[in-house]
Amino acid sequence: MPTGLSRRNLLRALGLSGSAAFLPSLAPRTSVAAPGKPTRMLLLVTGHGTVYDSWKMRPGGLDEVSDWEFDLNGLAANEFSQILAPFHGVRDQLLVLDGLAAGPVGVAGINEHEAGHVAALTGTIAQGVQNSLAVAGGPSIDQLVGPAIASAGQYPSLEYTVGGWPVCFDSFGQALPYEVDVFAAYDRLFPGGQDPNPIPTDADTIRAAQPSVLDLVGDRYDALIPQLSGQDRQKLEQHRDLIRGLEIQLEGLAAIECDAPPPPAGFPDWGTAEYPLAMTNAYLDIIRVALACRLSPVVTLRVETMFNATIGAPPGDIHTDWAHAVDDNPEAAAVMSDYHHHHAQWIANLIGQLASTPDAGGSLLDDTIVVWTNELSTGSHDFKQFPIVVAGGSGHFNLGRWVRWAANDTLQGAWGTHQIGPAHNRWLVSLAQAFELGVNQVGVSELPRAGGGVIDCTGALDRLV
Amino acid sequence: MRWLRMATMIAASSCLMLPACKPGSEDDAAEGDATGETGGTGDGDGDGECLAAAHDPGPAPLRRLTARQYANTVRDLFPGVDLPEPTILLDPLVAGFENNAAAQTPSALLIEQYQRAAVEITEAAIDQAELWLPCASDGGADPSACGQALIAELGPRMFRRPLSAETAQIYAHFFETQRGEHGFSIALQLTLQAMLQAPEFIYFVEQGEGEVNPDGAQPLDGYTLATRLSYFIWDTMPDEELFAAAAANELGSEAALVAQVERMLADPRARESTVNFYRQWFDFDSIDEIVPDLATYPDYTPTLRDSMKQELERLAEWTVFDLDGNFSDLMLANSSFVDAELAGIYGVPAPGEWALTELDPTQRAGMLTSAGFLASRAHAVNPSPVKRGVFVLEHLLCQPPPPPPPDVSTEVPEDTPADPKTNRERYQAHTVDPLCQGCHVNIDGIGFGFEHYDSLGRWRDTDNGFPVDATGTLIGSGESDGEFDGAIELAAKLASSEVAHDCAVTNYLRWALARSPVIDDRCFRDELEQAFLASEGNLRALVTEIILSDAFRLRRTEP
C-alpha cells in the first residue's frame, strides 16, 4: 500500500525538523476554522469538590434563593473568594457556574467518589462493579466532542493524569486509560524530540511505513473475527477499529507541523512538596503545544496527587482526615480551602498563558474552552453546588460573568431527598453545543423528582451564550 | 453490552442498611461475578450436580497479554537481545489482579503503545540480528529465503501454534513487497512489527479438540494447554520443550502434564512469576505510595519503601519454593528477610546484606506483620485499623466490605491535648453510628488487632501514652471466628481458617483463569478447595491441582 507521505512532512509531524527551542510563535500553520467558533477543549478535573463557603462570591449580598448573575470585571481583587482569588487577573475570560448539581451522583447508590468520577463528564449514573471501579452508562463529553471535531491525523483526544481515577469513558461506558508517564506522553507526541537533525534514517522510513503495517494488522483481525462470537468478537472488533483509526491518524499526522517543546526533565522526587505542581506543569507544557499545533482538539488532565507539604497542611491524610471533615471541622475547611486555592493558582496561570499565546488572529484561549470541574462538590461527598469554572471560547460563551442557579427542585436520591439546582448534564449539553454537536442530551435525560415526576436534564443551560 | 459484568452493587450496597455486613450471598453471585467473594459458601456436591466425571469449566473469555506478559514474551522471542522496556498500559485491576479478561478493553492509547513497542523492539533486535536471524543481517545470498525461514521459525513461537500455510504466505508476501521497496532489513522489521501486533500474538486465541462431553466442554488442544500452562507458571511463552510436548500431543496424559508442571516449577521463571502473583494478591504495589509524616518518623527514608517491598517478594518466593510451604506459613513464619534498613524496624541486628532472620515470635508472624503490609495500610501519622481490616477481609477472606454509606461522617476525630486518646479510641468514636457498625464490627474487629504497629510497622507497647489494646474479634472466618489479642493470635486464626484457605484458592484461580469466579465454577472449585485442605494448604500442590482441574484443561464449546 502506498503511504502517500512525503518525508519532509513526516519529519515535521514527528518534531524532527523543529527548532531547538519552544518558540512563542505557536500559531498553527495548517488550515483553521472560522474565527470565533471554539475548536479545542481542555478539561481539568481535580478532586474533593470544593469548600463552598470559600469558593462562592456574593457581591452586594446576593441571595441564595433566586437565579442571578453578575459581572466579574467589576470586582476588585479583594472581592474575589479565597479559593478563586488567583483568577482575578483573568476574570474577563471566566464564566463561573454556580448552583448546578451533579444529579446522577445522588441517585447512583454507590460510593460517591466512584459515582462522581463517572458522572462528572458523562452525566450518567455509575454502575458498580464487584472488586473494581464503577463503569459509566455512556461516553464522557470529551469522547463525544473529540471524535466529532478531530480532523484526520489528529488524536481525537488525549487523556493525562497526575493521580486519580479515570473520568473519561468510551461509548461502552468503559474507563479510558490515562497516559500516566509524562515522558511517554512527550515521546508519543514528539517522538523525535527537539532533534534538529533532518538527515533521514531507517527509523524515518519505518515510521513512514507504519500505515502499511497497520493495514496488514487490520486485515489479520478481519480474518480472525468471524471465528469468534459474543463478547470475544466484540473485543476484537473494537481492537480492529482502533487499528484502522490509528492507520488513518498516522497518515494525517504527517500534515501537521509543530515545534516540539523541550522534553520533561528535572523532576523532584515523588512525595516531595514540589512534586505535584512540577508534574502538573510538565503535562501542561505538552498540552499547550498539543492544542496550539492541533495535534489533538480535546485534552483531559486529571490532577489528584497532593502532599501535605505542598499546601502547608498539618499531618493527616488529605482525603480521610481533611477532605471528609470540611463540614464539621474549621481546620479541615481551612486546609481544603488551601488545597483548592492551590489548584486555582496553576489553572489561572495556564489561562493567562493561553490568553497570551497568539493563534489565528486572536489568542489560543479564544477558541479553546477550558473547563475546571470536579468529581464531587465537597470533600464530604456532596454533589450539590457542583463547582465549575469555564474560561475561553469567547466566540461562543459570554465571558466575564458569574451565573447562579437557585436550588428550586427536589431530587429523590438513593438515600434521601436533595434540594438542587439544574442538573450538570445541561452544562454538558451546553458544552457539546458549543462545538456544534447536534445533541440535546448528555448522559441521563431525567432524574426522579421527590414526590413523583421527573427532573428534566436535557437542553442547554440558559444565560451562557 | 458490557465486558465487565455488572456486578452485585445492589447486594453490596444494601448491606449498608443491614445490621450485619455480608458482601453477597450465593443468590447474588448468580447474578454477577461474585461467587467466591464470600469465602466459598457453596458446598457444590450436595445436590448431585457435581457428581459427573467432568465438571463445567466455566467461561473462558478472550484474554490479552498483560503488560508484563508482553515484556516477558518478547524477551523470550529474542533471547539475548538487549530490548527496551516496552510501555504498555496496565489494565484495570479486578480484585487486585491485572489479567482479568473482562477488564481488558482495548483503547486508542493501548493500540498505539503496541504499535510503538513493535517498532522499538524490532529496531533493537535488528541491531543484534546475529542472535536470532538464520542468515547474515543483510539477508545473505538469498534474502527472500531468509525472510521466509524466519517467518517459519519465529511465527509459531509468536503465535504459540504452527502457522497455516495461508498465514505464512500472507506475511511472506508482505515481506517481499516491503523488501522490494525498502530492502531486507527494513522489510524484516516491518514484517515482525505486523506479527507483534497480530491478534494471535496479542490475544490468547484458544482452541479445543476431541470429544465434547455432555456438558458441552471439550479438551483444549495441545498448544492452547501449553500456552495456559506457560503463562500461569512462568508468565511468559512456552519454551522449546513445552512446544514439543504440545506438538507430540503429550499433554493429554496426566502423567506427562504433571511432569511438565514439575519441570516448569523448578525453572527460575516460575519464581519470578509467582512473586508477580503475590505482588497482586498481597498488593505489594501500595508500598510505593507510603508517605509517612517526617516529623513523627524522622528515620524514614524513601529507600525504606524498596526494602519493604523486597522483603515481601523474597518472603513469598522463599515460602513457596524453598520452604515448599503452606498457606499457614504465609501467616505464621516468624523468620523473614531483613536488610540493614529493615533491621531498625524489626529491632534486630543489622545484617551485612539481605538475610533470612528470626524475628521476635511475640511480635511477628508472616506477611501481615511485615513492615510493608503495615506501613502501606496506615496514614502519615497514625496506622489505619480500617485499611488493615479491609485488606484481610478482601484479600484473605474474600469478603470485601462495601464502601461507607453517604451522609455519614467518616472523619476520625482529632486527638486533643485536653482529652488524649489512643488511635483505637479515636477510630471507635468514628463508627458509633449504628449504620456504620454493621460493617465496622467486622473491619475493626480485625484491624484493631494490628494496633501494636505504628505507621512504619514498628512495634509499640503504648500509643499516645496509653497501653495498646490490640484485642479483636474475627468474624467471617468460619470455625476460626472469635476473640483474639494481637496480630499473632489473629494470624494463627487465619492460618487455620477454612474460609481463608478457600479464599487462597479463589485468588489462585483468578490468576490462573484470568477471570472472576462465577457460580458455574462451584463443582471444580469445591474439589480444589478440598484438595487444598487435604494438602494442608500446600501452595505448590495447589498449582498442580488447578492445572489438573477441568477448569484448566477443558473449554466450553459455546461461550
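**Cavities and a threonine**

Analyst: The second largest cavity holds about 100 Å³ of space. Its lining has 13 residues, and P59(B), A60(B), E206(B), R228(B) and L513(B) are the closest to its centre. A cavity is a set of points on a 1 Å grid over the protein atoms alone where a 1.4 Å probe fits but cannot get out, and lining residues have an atom within 4 Å of a point. The volume is the space filled by probe spheres set on the points, joined across faces, edges and corners. This is a predicted model: local features need pLDDT of at least 70, side-chain atom pairs pLDDT 80 or more, while totals for chains, interfaces and linings use all residues. Residues are numbered from 1 along each chain as written, chains are lettered from A in the order written, and side-chain values use heavy atoms, without hydrogens and water.

User: How many charged residues line the second largest cavity?

Analyst: There are 5, beside 7 nonpolar and 1 polar.

User: And how much space is in the largest cavity?

Analyst: About 140 Å³. F232(B), L265(B), T274(B), Y508(B) and V543(B) are the closest to its centre, out of 14 lining residues.

User: New topic. Is T369(B) buried or exposed?

Analyst: T369(B) is buried, because its relative accessibility is 2%, and buried means under 20% (1.4 Å probe, protein chains only).

User: What does the side chain of T369(B) reach at 2.7 Å?

Analyst: The backbone nitrogen of A365(B). The T369(B) side chain also reaches the backbone oxygen of G366(B), at 3.3 Å.

Methods. Buried means under 20% relative accessible area, exposed over 50%, partly exposed in between (1.4 Å probe, protein chains only). A polar contact is a pair of N or O atoms within 3.5 Å; within protein, one must be able to donate a hydrogen and the other to accept it, and residues adjacent in sequence count only if both atoms are side-chain atoms. On a 1 Å grid over the protein atoms alone, a cavity is a set of points where a 1.4 Å probe fits but cannot get out, and a pocket is an open set with protein on both sides within 12 Å along at least five of seven lines; lining residues have an atom within 4 Å of a point. Ala, Val, Leu, Ile, Met, Phe, Trp, Tyr, Cys and Pro count as nonpolar, Asp, Glu, Lys and Arg as charged, and the others, Gly among them, as polar.
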